[in-house]
Amino acid sequence: MTRPAARSGSRASADRLARLLNLVPYLLARPGIEIAEAAGDLGVTERQLREDLELLWVCGLPGYGPGDLIDMAFDGDRVTITYDAGIDRPLRLTPDEALALVVALRMLAETPGVTNREAVERALAKIEDAAGDLVAAPVEVRLPADTRQVAQLRAAVESGRALRITYYTAARDETTERVVDPLRMLMVGGRAYVEAWCRRAEAVRLFRADRIDAVTELAERAVVPPQARPHDLTEGVFRPSPDLPLITLRVGRGERWLTEYYPCERVEAGDGDHWLVSMRVTDLGWARRFVLGLGPDVAVVAPVELAEQVRAAAVAALDAYATPMPAAPREPADTPRAVSSANPAITAGTQ
């Protein structure tokens with residue numbers, strides 16, 4: 001849910017951007033215009049116009065050197081644009097730029113959780129019409145998930161029906177069946193989620209679309225309790241909290257990347273090139289599988305229980321590799337080899 005302050009802030013930024021884009025051609029057509037007159041025409045205060053002019057001074061073409069930025073001259077309270085950095089010319093998209101814009105809009109139109117898909121499709125139609133043959137290449141956009149599954153989930157959300165899903169929970173490494181009342185579809189970090197009231201957990205839960213093994217739309221309407229509240233996902237899906245287990249890992253140089261991909265509570269310099277990384281996890285079962293999937297440059301410092309679980313799992317894996325496979329029984333030397341049913345032309349003794 002977007003906060004009112006965020007909406008008003010983004011709206012003010014959009015208004016200022018539109019004003020700046022119009023300001024250069026306006027001033028080019030009126031060299032030496034008084035700032036007070038320009039402010040009146042543009043519907044802003046003189047102070048706001050001066051701030052806009054100061055911002056224009058650091059805008060321009062890539063390179064952003066003295067010859068690339070918009071420049072202007074002041075004579076008392078009058079202003080004249082002396083270099084427009086090409087902003088006076090109408091926008092002309094290259095074929096690659098037009099195609100990139102169309103592909104981005106097509107993906108946006110197929111993204112779960114887009115509330116105003118009709119507006120996106122209208123903009124896409126206008127750009128495709130203006131670009132003509134530039135975007136006639138056969139481009140297909142697919143989201144990084146089961147497209148059929150996502151479409152089915154989105155249809156259930158739009159129809160307001162309850163769902164029965166078979167869901168794999170990676171944190172506990174288990175598959176369960178549950179009935180959920182969908183709230184909305186989301187795209188977070190390139191993955192599709194359905195946010196729903198879970199009748200089994202009696203709470204709002206996020207379900208990753210690619211971990212839903214089966215989904216059935218029920219005849220009954222979705223009934224979301226009044227106490228259900230959508231998650232705040234501005235900082236991602238996983239929200240560390242003090243009640244979750246805290247683990248500490250000793251991380252070598254080759255595994256420092258995990259501090260950029262996972263929320264960490266504390267990162268400290270250890271001995272040599274090692275770092276001590278502390279992070280919250282959903283449970284120790286997930287942490288055990290997480291650590292086992294990392295390289296030899298990672299060791300568990302705390303808690304002791306996690307270190308013992310990782311050691312036991314590693315020893316079991318090594319024992320499995322050390323146990324030789326039973327040898328297949330040897331056939332007598334005079335026994336002909338079986339002929340392949342897939343290719344009858346292959347006979348015994350053929351290389």
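Student: How many aromatic pairs does the count come to?
Tutor: The count comes to one aromatic pair, where rings of Phe, Tyr and Trp (its six-membered ring) pair if their centres lie within 6.5 Å; planes under 30 degrees apart count as stacked, over 60 as edge-to-face and the rest as tilted. Y167 and F207 form it, edge-to-face, at 5.0 Å centre to centre with 85° between the planes. This is a predicted model, in which local features need pLDDT of at least 70, side-chain atom pairs count only at pLDDT 80 or more, and totals for chains, interfaces and linings use all residues. Residues are numbered from 1 along each chain as its sequence is written, and side-chain values use heavy atoms, with hydrogens and water left out.
Student: Which parts does the pair tie together?
Tutor: Y167 lies in strand 4 (residues 161-169) and F207 in strand 7 (residues 203-208), so the pair links parts 40 residues apart in sequence. Strands are DSSP runs of E, at least two residues, numbered from the N terminus.
Student: Are Y167 and F207 buried or exposed?
Tutor: Both Y167 and F207 are buried, meaning under 20% relative accessible area (1.4 Å probe, protein chains only).
Student: Now the open sheet: what is the order of its four strands?
Tutor: The order is 10-11-9-12, with antiparallel pairing; two strands pair if DSSP finds at least two bridges between them. Strand 10 (266-269) and strand 12 (298-302) are at the edges with a single partner strand each, so one side of each has no neighbour in the sheet.
Student: Which residue stands opposite R266?
Tutor: That is S278, in strand 11. Strands 10 and 11 (the latter residues 275-280) pair in the antiparallel sense over four bridges.

How values were computed: Buried < 20%, exposed > 50% of the residue type's maximum accessible area, 1.4 Å probe, protein only.
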